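I opened this notebook page to record what I looked up in the model. The entries follow the order in which I went through it.

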Amino acid sequence: MRSPEDAAASEGPEALPPTVAPQLRALRRRAALTLEAAARSAGLSPAHLSRLETGQRQPSLPMLLALARIYGTTVSELLGETVGDRDAVLRGAETEPTRAGGWTYWQAGAAGRGMQALRVHVPYGSQGDVVRVHPGEEWLYVLRGQLRLRLGDTAHRLGPGDSAHFDSLTPHRLAAGTGTGVDLLFVHTLLQSPTATLCLGPTPGDPDE
């Protein structure tokens, strides 16, 4: 039986660039974290993190977000992307989509800032059982489609024009509520600390809304 992190990482046929695996290892070492410590902070097994670092597994977007927080960096740096001189303006036509774990996202802000802004497409049925818990704040805005958002024990349905701003220590999960998926603007704070944690995995006995 596959672990939750294996199941999450296997969603979606898209492969990340081959530079991602060594970048994951290099940034972990830069943060002075052992494989075991980093895996524990991210809610992964050491074996699974090792497979991510050797390119045997593809990380999902939630995993990349978790590792970025733990290593005190951004998803862009994990992927080896650079933004020249931290330009204030980012042209939509110049951003390339990145796919991870079934999700597709585009950078909507420059790297190296105190928060990270993304435009995200979440397809139906992708990562709907992954629960996230970590320090910081998150803000999201629904552009298109229907979003199922669970915050703690409360379930919400958000449509275009609806937004949510919440403490990320509240257990939360996101899923598309319609077959066409949901498009979001998503902003989260970046914690420059190796002690930041995020828990991934299905919630036992938590039925689909």
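**Entry 1: the β5 hairpin**

I began at the hairpin that β5 and β6 form with 2 residues between them, where G152 in the turn has a positive phi of about 60 degrees. I took helices (H or I, at least four residues) and strands (E, at least two) as DSSP runs, numbered from the N terminus. I kept in mind that this is a predicted model, in which local features need pLDDT of at least 70 and side-chain atom pairs count only at pLDDT 80 or more, while totals for chains, interfaces and linings use all residues. Residues are numbered from 1 along each chain as its sequence is written, and side-chain values use heavy atoms, with hydrogens and water left out.

I then followed the pairing, where two strands pair if DSSP finds at least two bridges between them. Strand β5 (residues 147-151) pairs with β6 (residues 154-158) in the antiparallel sense over 5 bridges, and L151 stands opposite T154 in β6. With β8 (residues 172-176), β5 also pairs in the antiparallel sense over 5 bridges, and here L147 stands opposite A176.

Is β5 buried or exposed? I read buried as under 20% relative accessible area, exposed as over 50% and partly exposed as in between, with a 1.4 Å probe and protein chains only. In β5, 5 of the 5 residues are buried, so the strand is largely enclosed by the rest of the structure. Both of its faces are covered, with L147, L149 and L151 on one side and R148 and R150 on the other.

**Entry 2: the open sheet**

I traced 6 strands that form an open sheet in the order β1-β2-β3-β9-β4-β7, with antiparallel pairing. β1 (98-100) and β7 (163-167) stand at the edges with a single partner strand each, so one side of each is left without a neighbour in the sheet. The twist averages 25 degrees from one strand to the next. Within the sheet, β4 (residues 137-144) and β9 (residues 182-189) pair in the antiparallel sense over 6 bridges, and the bridge partner of L140 in β9 is F186.

I noted that α5 (residues 61-71) lies across β1, β2, β3, β4 and β9, and that it runs at about 10 degrees to β9. Axes here are lines fitted to C-alpha atoms, for helices over the stretch in contact, and angles run from 0 to 180 degrees between N-to-C directions.

Counting contact as heavy atoms within 4.5 Å, I found that the residues touched by Y71 include L24, L27, A38, L49 and E53, not counting residues up to four places away in sequence.

**Entry 3: α3 and α4**

The axes of α3 (residues 35-42) and α4 (residues 46-53) come within 8 Å and cross at roughly 105 degrees. The two helices are therefore roughly perpendicular to each other, a label given to angles of 65 to 115 degrees. The contact is made by L35, E36, A38 and A39 of α3 and P46, L49, S50 and E53 of α4.

Key
Parallel < 35°, antiparallel > 145°, perpendicular 65-115°, else oblique.
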